[in-house]
Amino acid sequence: MTIQTRISSGLPVSERTKAFLAGDHKLIVGAGNLSAQGDAKIEVYDPASGGVIASVPAGGKAEVDTAVAAARAALEGPWSKLRPSERERLLLKLADAVEADGPLLAEVETANNGQSIGIAHALEVGASAEHLRYMAGWATKCYGQTLDVSIPIPPGTRYRAMTRKEPVGVVGAIVPWNFPLLMAVWKIAPALAAGCTVVLKPAEETPLTALRLGQLIRDTGFPEGVVNVVTGYGHEAGAALASHPGIDKLAFTGSTEVGKLIGRAAIDNMTRFSLELGGKSPMVMFDDMNPDLIGLAANLGVYFNQGQVCTCGSRVLVQKGIFDKVAQTFVAVANGLKIGSGFDPANQINPLVSAKQQSRVLSMVERGAADGAMIVAGGAAPDGPGFFVKPTVIIGAKPSNVLVREEIFGPVVTLLPFTDMADAIAQANDSVYGLSASVWSRDIERCFIFADAVKAGTVWINTHNVVDPNMPFGGYKQSGIGREHGAVAIENYLETKAICLAL
Ligand code: NAD
């Protein structure tokens, strides 16, 4: 069955991008391009209009089996024969290829995810290239240790012990839709630097840049099967990958709910796993904060990428003395943001990724309001097509309100008052999540007292939502297990072998 591309000709994209969207997309497995069994397809939408822009194969267990076999063959074949410096060089070449393909990748991401073309260029393309370059450097810097040991038997024997780091093996990477290309690169780059091979399963909503990346990886000269891309639904391709006995390590970014399923499936095969999950991150504003930063906090911390950011500061805790001023500023920011397609860089609020996500966010706002919370800005979809939600500000919510407790993943913020440091810490930590937090104050000692006390994987001071490849990223509590970025990310993809020599 072939589904015709219906609206891509109307998108404000280059002819090259149109041709890519209209292409007959196939899975990237080993040396080949595969269709799914029965030619099953998933339609891919432009969230700004709701129209179909492309279709991709709906891979399942059979395709995952083939991809895992290809990744295994590459691992045991040509890939393991390369020197670390050769892996480094390939990753650097791939970073250049991603940048060179940037105009197309960014347009495809904006067409598919809905995000601003500026974010697509800066993050999906720019930050992905930087991440690849950063991780490329680690390929030549994996090392073990020599160890002094005290083994007493047989009497008089001396030993020399050491550890050696080895690639963990075939990696199953499952990623979400909020930053489709970047999330894929956060997995692939350290895995390849460590010497692993990969089967990547992008989100069904946003599979296109993953397929393009798979093609770039091939074109760059990586041996066949080193990175395989299987598009498909989570409960089919994703579940097949998570429970596959041929996978040595699962790297997942997504919701806490699905993360738990992944962890359970992994344990059955004793597959190693790391989970980057959801959050309900507090932004804590003390009354001595620089008032000029309140607007930045709203724009960068909350409404960036329509709030579809795992570290979104969706709970803003405000010391009572400045509550009214913060509320007024947030309302002014929310009401002033220009809503529209991501292709116009002047638009600051773009569509959410899907109709499902739009109705999920709006229904959470409705439930929150029914439970006593007050909507003081937004709270609805604007008129017209597309999956938009107006930037929303909530006050007066009880601690038990759904808008205080659950991840929303949309442009919605709840402002809550606090009295003093103890109250701020108690409220900040009153969540099952612990992905990130930020503290806003001119008193640096106060900031560090808060930073030490909050249970969060990242704490920002006077900023929010900024990440770097050298800065570990991940969650406390139900926000995940393990860390990405930095040296610690490489460890995710390495086994430690102890070697002991009797002299
Ligand atoms: P999701 O959990 O629904 O889906 C994520 C991925 O898992 C998708 O590829 C999906 O197809 C797959 N999947 C779904 N069901 C599956 C199953 N049963 N078995 C295997 N795979 C399955 O998440 P989403 O809605 O795509 O993304 C939003 C979530 O991602 C939010 O909760 C957000 O906080 C989180 N996120 C976390 C980080 C982080 O680094 N901590 C970063 C970005 C997004």
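Arg272 and Glu495 join their side chains in a salt bridge, with 2.7 Å from N to O. Arg272 belongs to strand β11 (residues 272-276) and Glu495 to strand β22, so this pair ties together parts that lie 223 residues apart in sequence. Arg272 is partly exposed, at 41% relative accessibility, and Glu495 is also partly exposed, at 29%. Please keep in mind that this is a predicted model.

The structure holds 24 salt bridges.

| Salt bridge | N to O distance |
|---|---|
| Arg272 and Glu495 | 2.7 Å |
| Lys497 and Glu166 | 2.9 Å |
| Lys41 and Asp24 | 3.5 Å |

Lys497 is partly exposed, with a relative accessible area of 40%.

Now look at Lys41 and Asp24, whose side chains meet in a salt bridge. Lys41 sits in strand β3 (residues 41-45), while Asp24 is in the loop between α1 (15-22) and β1 (27-29), 17 residues apart. Are these two residues buried or exposed? Lys41 is buried, at 14% relative accessible area, whereas Asp24 counts as exposed, at 54%.

Next comes the ligand. Among the 28 residues around the ligand, Val175, Lys201, Glu204, Ser255 and Glu407 come nearest. The side chain of Lys201 has an N or O atom 2.6 Å from an oxygen atom of the ligand. Trp177 places a polar side-chain atom 3.0 Å from a ligand oxygen atom, and a polar backbone atom of Ala239 is 3.4 Å from a ligand nitrogen atom. On its own the ligand has 840 Å² of accessible area, and the protein covers 89% of that.

Glu107, in helix α5 (residues 102-113), is worth a stop too. Glu107 is buried yet has no salt bridge, and the nearest side chain of opposite charge, that of Arg16, is 7.5 Å away. What does the side chain of Glu107 make a polar contact with? The partner is the side chain of Thr17, at 2.6 Å. Residues that Glu107 touches include Pro12, Val13, Ile117 and Phe343.

Finally, find Ala381 in the loop between β14 (374-377) and β15 (392-395). Ala381 is partly exposed, with a relative accessible area of 31%. Among the residues Ala381 touches are Gln358, Leu362 and Phe388.

Note on methods. Residues numbered from 1 in each chain as written. Predicted model: local features only at pLDDT ≥ 70, side-chain atom pairs only at ≥ 80, totals over all residues. Heavy atoms only, no water. Helix = DSSP H or I, 4+ residues; strand = E, 2+ residues; numbered from the N terminus. Buried < 20%, exposed > 50% of the residue type's maximum accessible area, 1.4 Å probe, protein only. Lys, Arg positive; Asp, Glu negative; His and termini not counted. Salt bridge = Lys/Arg side-chain N within 4 Å of Asp/Glu carboxyl O. Polar contact = N/O pair within 3.5 Å; in protein donor to acceptor, adjacent residues only side chain to side chain. Contact = heavy atoms within 4.5 Å. Near = heavy atom within 4 Å. Areas by Shrake-Rupley, 256 points an atom, 1.4 Å probe, with all protein chains shown as cover. Lists of a residue's contacts leave out its neighbours within four places in sequence.
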